[in-house]
Amino acid sequence: MHRGLIISTMQAIFSSVFYFSSVALYQGILTVGYVTAYTMLPVFLLVLDQDVNAETAMLYPELYKDLLKGRELSFKMFFIWVLISIFQGGAIMYGALWLFSGEFIHIVAISFTALIITELLMVALTIRTWHWLMAVAELLSLCVYVASLFIFDEYFDREFITTWPFWWKVTVITLFSCVPLYILKYLRKKFSPPSYSKLSE
């Protein structure tokens, strides 16, 4: 849900900048790449994530009484993810428009690169227990995207994407969209830790 909503938010902001015209922010191959090659593997491998190992879960079945309350799949969680997506989509798009105001022609490369890195970072922030396949999927997705920056000349200006201003501004945009969420996640974990975290203390 997050992947689709964040790109929809960016499209809505982009269209509003052009007086609500129906101009697509990302053309076909980029959209297909976004939902497949660039972000699918890390999201798919979230199925390997686990709170605690199987032995601990069998030893302490009361850890999963929280699941019976339905808090993980509630309207509250749904709206939290909607707000996260809107915040990140807005941060990326407005950040790209603001930092690259003089280079509007490069807005696709800038915002798309920040979007891919943000999505990969969000998957990394969601993981509770890392599996080696998750790390491979994250690195593989990033490598495929970096390679496509140089392969798809019609979408990305090769000279522009190899400059220092491009990368530091993309980094600033990505940090602006991810760091506030990481701080909130850290504070929530510190002041309201989940029940399984007590076993690791």
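F112 is buried, with a relative accessible area of 0%. The model that contains this residue is predicted. F112 is also one of the residues that touch the most other members of the largest nonpolar core, and it belongs to an aromatic cluster together with Y26, Y34, Y38, Y145 and F156.

**Overall architecture**

- The chain contains ten helices and zero strands, and its pattern along the sequence reads α-α-α-α-α-α-α-α-α-α.
- Of the 201 residues in the chain, 37% are buried.
- Among contacts with a separation of 6 or more, 78% are made by residues 24 or more positions apart.

**Nonpolar cores**

- The largest nonpolar core holds 33 residues, and those touching the most other members are Y26, M93, I110, F112, L115, F156 and I173.
- Two or more residues of this core come from each of helix 1 (2-17), helix 2, helix 6, helix 7, helix 8, helix 9 and helix 10.
- Helix 7 makes the greatest contribution to this core, at nine residues.
- A second, separate core has five residues, among them L45, V123, I127 and A137.
- Leaving aside residues up to four places away in sequence, L115 touches I6, I7, M10, Y26, Y34 and I92.

**Aromatic pairs**

- The number of aromatic pairs is ten.
- One of the pairs joins Y38 and Y145 in an edge-to-face arrangement, with 5.1 Å centre to centre and 85 degrees between the planes.
- Y38 belongs to helix 2 (residues 28-38) and Y145 to helix 8 (residues 132-151), so this pair ties together parts that are 107 residues apart in sequence.
- Because F112 lies in helix 7 (residues 107-126) and Y145 in helix 8, the pair links parts that are 33 residues apart in sequence.

**Helix 10**

- Helix 10 (residues 164-191) comprises 28 residues and reaches 39 Å from its first C-alpha to its last, which is close to the 40 Å expected at 1.5 Å a residue.
- This helix has a kink of about 30 degrees at F176, shortly before the proline P180.
- Its buried residues are F166, K169, V170, I173, T174, S177, C178 and L181.
- The cover over these buried residues includes helix 6 (75-99), helix 7 and helix 9 (158-161).
- I173, one of the buried residues of helix 10, is also among the residues that touch the most other members of the largest nonpolar core.

**Cysteines**

- How many disulfides does a search of the whole structure find? The search finds zero disulfides.
- C143 is exposed, with a relative accessible area of 52%.
- C178, by contrast, counts as buried at 5% relative accessibility, and this cysteine is one of the buried residues of helix 10.

Methods:
Residues are numbered from 1 along each chain as its sequence is written. This is a predicted model: local features need pLDDT of at least 70, side-chain atom pairs count only at pLDDT 80 or more; totals for chains, interfaces and linings use all residues. Side-chain values use heavy atoms; hydrogens and water are left out. Rings of Phe, Tyr and Trp (its six-membered ring) pair if their centres lie within 6.5 Å; planes under 30 degrees apart count as stacked, over 60 as edge-to-face and the rest as tilted. Helices (H or I, at least four residues) and strands (E, at least two) are DSSP runs, numbered from the N terminus. Buried means under 20% relative accessible area, exposed over 50%, partly exposed in between (1.4 Å probe, protein chains only). The expected span of a helix is 1.5 Å times one less than its number of residues. The bend at a residue is the angle between axes fitted to the seven residues ending there and the seven starting there. Contact means heavy atoms within 4.5 Å. A disulfide is a pair of cysteine sulfur atoms within 2.5 Å. A nonpolar core is a set of buried Ala, Val, Leu, Ile, Met, Phe, Trp, Tyr and Cys residues joined through side-chain atoms within 4.5 Å.
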